[in-house]
Amino acid sequence: LFNGFHYFESLDPAHLREVRERAERNDMVIRNGAGGISIGAEKYRDDHGSPVETLIKGIEVATILGSPTVNCRIGSIVDRYGPGGIEARLEEVAKTMKAARSRAEDAEVTFAFENHAADTRSDEILALIDDVGADLCGVMLDPGNALWSMEDPLEHLKVLGPHVRCMSIRDYTVWAAPDGAMFQWTAIGEGMMDVPAFTGLLRQHCPEVPLLVESISNSQRPLPFLTDEWWEGFPHVAAADIADFLKLVRKGRPIPVDQPAAGQNQREFDQQHQRAEFERSIRTLRKHLG
């Protein structure tokens, strides 16, 4: 999963063909992304032109790499608090996708929209799919980010499962804190994810989509939903919409943050920690998926 252009040394077609050939020699498939395509997002970058030009570049890269999808997103939770709220950003995304429809159809690729860093909830993504068309737009599923936007990731998958085109999976835990909750991601099988239920839903809804593991480990993040400021970004979310999430909060327990040994390089420690979590995730998935 190369979820942006910056992972490649070059976007020259010859280099991308070399990447694809190496992947095929090693029995690997590739999925690629174009990054943010909302012009009003706080961190939108115009390195490849306008949002439409960026998405078209993603189509071109996907065609060479053999990826059936081009992943895309808005930005992060801060975009829920900008002018017009997240609705304005979703309108920009829909406009961009529609403008690139013919290019996507010619290339026989579709778009996979990611719920990225708590910017969107499942009902908002469904509205986007309905607006753009399910034939063109599906979901880049990230259950860890679902938790960040106050959704139970299993319920999130039940809602979006039929539309999943790509995914990046990790386990998660969440627990109560004075101003709401804290959460942390972890290796699959070591958090609150019901792995048999989750993978069973993947088998049911999107059996042909590769299950891609994204390890982001060893850091605790706040969910201050007991503050007034938090709800300024979620003005249309009702109490009933977070009931399943609150049940998780009441059940969860914190995971300790590991620290490097004295004198150990922090970057090296982080790399080793993530690699170990990735390997444990793979062992768990093999147990449940064969």
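Which residue is the bridge partner of A181 in β8? The legends below take up this question and then move on to other parts of this predicted model.

**View 1. Strands β7 and β8 side by side.** The partner we asked about is L223, which sits in β8 and is bridged to A181. Strand β7 covers residues 180-186, and four bridges join it to β8. The two strands run antiparallel.

**View 2. The open sheet of three strands.** Stepping back from that pair, we meet an open sheet with the strand order β6-β7-β8 and antiparallel pairing. Its edge strands are β6, residues 171-177, and β8, residues 220-223. Each of these edge strands pairs on one side only. From one strand to the next, the twist averages 25 degrees.

**View 3. A helix across the sheet strands.** Here helix α10, made of residues 243-251, comes into the picture. Helix α10 lies across β6, β7 and β8. To follow its course, take β6 as your guide: α10 runs at about 80 degrees to β6.

**View 4. The largest pocket.** The largest pocket holds about 610 Å³ of space. Its lining is made up of 25 residues, and those nearest the centre are L1, N3, Y7, E214 and I216. Two helices to look for are α6 (143-148) and α11 (266-289), each supplying at least two residues of this lining. Helix α11 gives the most, with four residues. Sorted by class, the lining of the largest pocket has 14 nonpolar, five polar and six charged residues.

**View 5. The second largest pocket.** This pocket has a volume of about 450 Å³. There are 17 residues in its lining, with G35, G36, K43, R45 and R73 lying nearest the centre. Strand β1, residues 32-36, provides the largest share of the lining, three residues. The lining of the second largest pocket divides into nine polar, four nonpolar and four charged residues.

View 6. Side chains of opposite charge can pair when their charged atoms come close. In this model the count of salt bridges comes to 16. One of them joins R103 to E60, with the closest N and O atoms 3.5 Å apart. The pair links distant parts of the chain, as R103 belongs to helix α4 (residues 101-107) and E60 to helix α2 (residues 51-65).

Terms used
Residues are numbered from 1 along each chain as its sequence is written. This is a predicted model: local features need pLDDT of at least 70, side-chain atom pairs count only at pLDDT 80 or more; totals for chains, interfaces and linings use all residues. Side-chain values use heavy atoms; hydrogens and water are left out. Two strands pair if DSSP finds at least two bridges between them. Axes are lines fitted to C-alpha atoms, for helices over the stretch in contact, and angles run from 0 to 180 degrees between N-to-C directions. Contact means heavy atoms within 4.5 Å. On a 1 Å grid over the protein atoms alone, a cavity is a set of points where a 1.4 Å probe fits but cannot get out, and a pocket is an open set with protein on both sides within 12 Å along at least five of seven lines; lining residues have an atom within 4 Å of a point. Grid points are joined across faces, edges and corners, and a volume is the space filled by probe spheres set on the points. Ala, Val, Leu, Ile, Met, Phe, Trp, Tyr, Cys and Pro count as nonpolar, Asp, Glu, Lys and Arg as charged, and the others, Gly among them, as polar. A salt bridge is a side-chain nitrogen of Lys or Arg within 4 Å of a carboxyl oxygen of Asp or Glu.
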